[in-house]
Each structure stands twice: as structure tokens, then as C-alpha cells.
Amino acid sequence: MSKVIHAHEVICALILDENFHALLTLRPVNGFRPQLWEYPNGRLLPDETAQTGARRIIQQTTALHADIGIELGSHTFVWDALVTFRLFATHNVHGVAQPHAAEDIGYFAPLYALKYCRLAP
């Protein structure tokens with residue numbers, strides 16, 4: 001008997017400030033893979049386009065509003081299901097970033113984040 005694998009998409013957003021620092025959110029201490037930094041992300045809902053989902057996810061996870069640009073890349077792998085991560089660029093970002101579902105939120109220089117932040121895979 002084979003295991004049924006259900007597929008889902010996770011939309012991630014690359015949000016940069018005027019200094020080209022990336023916005024990262026910190027996973028909750030009591031959640032899955034706790035205390036890791038990651039791009040704002042969430043699952044794409046059924047019948048939702050990637051761009052609409054990205055706008056919703058940004059607003060829900062960071063309280064920011066943004067226009068969605070090009071897809072920067074994607075990666076698919078098997079975990080407990082078939083998961084596709086899709087990363088989108090953003091522009092015309094406005095509002096004040098707030099950690100809605102995250103423990104913390106912040107803008108980080110890329111090299112600083114790689115060296116000092118525990119990043120989610």
C-alpha cells in the first residue's frame with residue numbers, strides 16, 4: 001500500500017528596504033522548527049493565484065502592503081507532502097512591519113543574516 005502525497009504551494013516574499021536589507025520573520029518558539037528566521041511566507045489557498053496569495057500573505061504576516069513583482073525562483077521537494085516553495089519580488093511596499101504570527105520581525109543585511117541568524121532551510 002503506497003502513501004498518498006498531497007501537494008501544496010508555499011509563497012515566500014522578498015521584501016527589501018531602501019538599504020537592500022531583507023525583511024525576515026522569526027518562527028514562534030512553540031511552533032514547527034522554532035526560532036528560525038525566514039522570509040514572510042504562507043500556503044497558497046485553493047483557487048488563489050500566486051500574486052493574490054503573496055499579497056494576502058504579506059499583509060497577514062507583516063501588516064505591510066506591497067505590489068507583487070516577478071517570481072524569482074521555486075523549489076519542490078517531498079516532505080510530509082509534495083511542497084513547492086515559490087519566491088516573489090515585491091515593490092511599492094508601504095506600512096510599518098509588525099510580527100503578526102511571528103515572534104519577531106526585522107530587516108537584515110544579507111551577509112549579517114547568513115552569519116548571525118539561524119535561518120530556516
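Tutor: L119 is found in the segment after α2 (110-116), in what is a predicted model.

C117 can be taken next, along with the cysteine question. How many disulfides are there? The count comes to 0. The reason is distance: the sulfur of C12 has its closest cysteine sulfur in C117, 16 Å away, which is too far for a bond. A disulfide would need the two sulfur atoms within 2.5 Å. Seen from the other end, C117 is in no disulfide, and its nearest cysteine sulfur, that of C12, is 16 Å away. C117 has a relative accessible area of 10%, so this cysteine is buried. C12 is at 10% relative accessibility and therefore counts as buried.

P110 and F20 are 90 residues apart in sequence, but their C-alpha atoms are 8.5 Å apart in space. F20 has its place in the loop between β1 (7-14) and β2 (22-26). At 59% relative accessibility, F20 counts as exposed, because the cut-off for that word is over 50%.

The strands β2 and β7 belong to a sheet. This is an open sheet of 3 strands in the order β3-β2-β7, with antiparallel pairing. Its edge strands are β3 and β7 (104-108), each pairing on one side only. Between β2 and β3, the antiparallel pairing runs over 2 bridges. In this region L26 stands opposite W37 in β3.

R33 has a relative accessible area of 33%, so it is partly exposed. Q35 is also found in the loop between β2 and β3, with a positive phi of about 60°, and again it is not a glycine. At 29% relative accessibility, Q35 counts as partly exposed.

Side chains of opposite charge can pair when their charged atoms come close. R27 forms a salt bridge with E38, with the closest N and O atoms 2.8 Å apart. R27 lies in the loop between β2 and β3 (37-38), and E38 in strand β3, so the pair ties together parts that are 11 residues apart in sequence. At 16% relative accessibility R27 counts as buried, and E38, at 17%, counts as buried too.

How many salt bridges does the whole structure have? A search finds 4. One of them joins the side chains of R86 and E9, at 2.8 Å from N to O. This pair links distant parts of the chain: R86 is in strand β6 (residues 82-94) and E9 in strand β1, 77 residues apart. R86 has a relative accessible area of 17%, so this arginine is buried, whereas E9 counts as partly exposed at 27% relative accessibility. A further salt bridge is formed by E48 and R56, the closest N and O atoms being 2.8 Å apart. E48 is at 14% relative accessibility and so counts as buried. Salt bridges that share partners also join E9, E71 and R86 into one network.

E9 and L45 are 36 residues apart in sequence and 8.5 Å apart in space, C-alpha to C-alpha. L45 is found in the loop between β4 (41-43) and α1 (50-62). Its relative accessible area is 43%, so L45 is partly exposed.

Key:
Residues are numbered from 1 along each chain as its sequence is written. This is a predicted model: local features need pLDDT of at least 70, side-chain atom pairs count only at pLDDT 80 or more; totals for chains, interfaces and linings use all residues. Side-chain values use heavy atoms; hydrogens and water are left out. Helices (H or I, at least four residues) and strands (E, at least two) are DSSP runs, numbered from the N terminus. Buried means under 20% relative accessible area, exposed over 50%, partly exposed in between (1.4 Å probe, protein chains only). Two strands pair if DSSP finds at least two bridges between them.
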